[in-house]
Amino acid sequence: MSKPRATGSAKSRAVSKSEVDKSAQEVTANESTSAVAVGEQAAQPTVTIDSKEYTLESLGQQGREQLQNLRVTDQELQRLQDQLAITQTARNTYARILAEVTQSVTPVK
């Protein structure tokens, strides 16, 4: 799952879509679990930030909270993008129907 990169700055600023898309590629989480044979150590969940891999445990409570914030934010962005696509489809349909209606109407100019 791709996640935007946390910047550490407390100041907020406007972020362009290309910046979000670029930073979304910089943080990924790999929390898959697999069967482990007796005697083998279970792999800990990891997250990749700026091409470096960290265990979730090593991030501490604050790091895990920020990772969760990124996940929630990504889900909201996806929801909004889905809603935008639905709204754009509806608008296109209304415009097409209006164009069909105006074919049978004589314009004033």
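Going along the sequence, the chain runs β-α-β-β-β-α, which comes to two helices and four strands. Helices here are DSSP runs of H or I with at least four residues, strands are E runs of at least two, and both are numbered from the N terminus. Keep in mind that this is a predicted model, where local features need pLDDT of at least 70, side-chain atom pairs count only at pLDDT 80 or more, and totals for chains, interfaces and linings use all residues. Residues are numbered from 1 along each chain as its sequence is written, and side-chain values use heavy atoms, with hydrogens and water left out.

**The chain overall**

Of the 109 residues, 13% count as buried. Buried means under 20% relative accessible area, exposed means over 50%, and partly exposed is in between (1.4 Å probe, protein chains only). The accessible surface of the chain is about 9,000 Å², and carbon and sulfur atoms hold 54% of it. Those areas come from the Shrake-Rupley method with a 1.4 Å probe; for residues, only the protein chains shown count as cover. As for contacts (heavy atoms within 4.5 Å), take those with a separation of 6 or more: residues 24 or more positions apart account for 34% of them.

Strand β3 (residues 46–49) pairs with strand β4 (residues 52–55) in the antiparallel sense, over four bridges. Two strands pair if DSSP finds at least two bridges between them. T46 has T55 in β4 as its bridge partner. D50 is not a glycine, yet its phi is positive, at about 50 degrees. S51 also has a positive phi without being glycine, near 65 degrees. Buried or exposed: which is S51? S51 is exposed, because its relative accessible area is 73%. D50, at 39% relative accessibility, therefore counts as partly exposed.

**Helix α2**

Helix α2 takes in residues 60–102. With its 43 residues, α2 reaches 63 Å from its first C-alpha to its last, close to the 63 Å expected at 1.5 Å a residue. That expected span is 1.5 Å times one less than the number of residues. L67, L70, R71 and D74 are buried in this helix.

How many salt bridges does a search of the whole structure find? It finds two, where a salt bridge is a side-chain nitrogen of Lys or Arg within 4 Å of a carboxyl oxygen of Asp or Glu. R79 and E76 both sit in α2, three residues apart, about one turn of the helix. R96 and E100 are both in α2 as well, four residues apart, again about one turn.

| Salt bridge | N to O distance |
|---|---|
| R79 and E76 | 2.8 Å |
| R96 and E100 | 3.1 Å |

The residues in these bridges can be sorted by accessibility. R79 is partly exposed because its relative accessibility is 44%, and E76 is partly exposed at 36%. R96 comes in at 46%, so it is partly exposed, and E100 at 44% is partly exposed too.

**A nonpolar patch**

I97, L98, V101 and V105 make up a nonpolar surface patch, with about 350 Å² of accessible area together. Patches are made of residues with over 30% relative accessible area and no salt bridge; like charges are joined within 9 Å, and nonpolar side chains (Val, Leu, Ile, Met, Phe, Trp, Tyr) within 5 Å. I97 lies in α2, and its 39% relative accessibility is why it counts as partly exposed.
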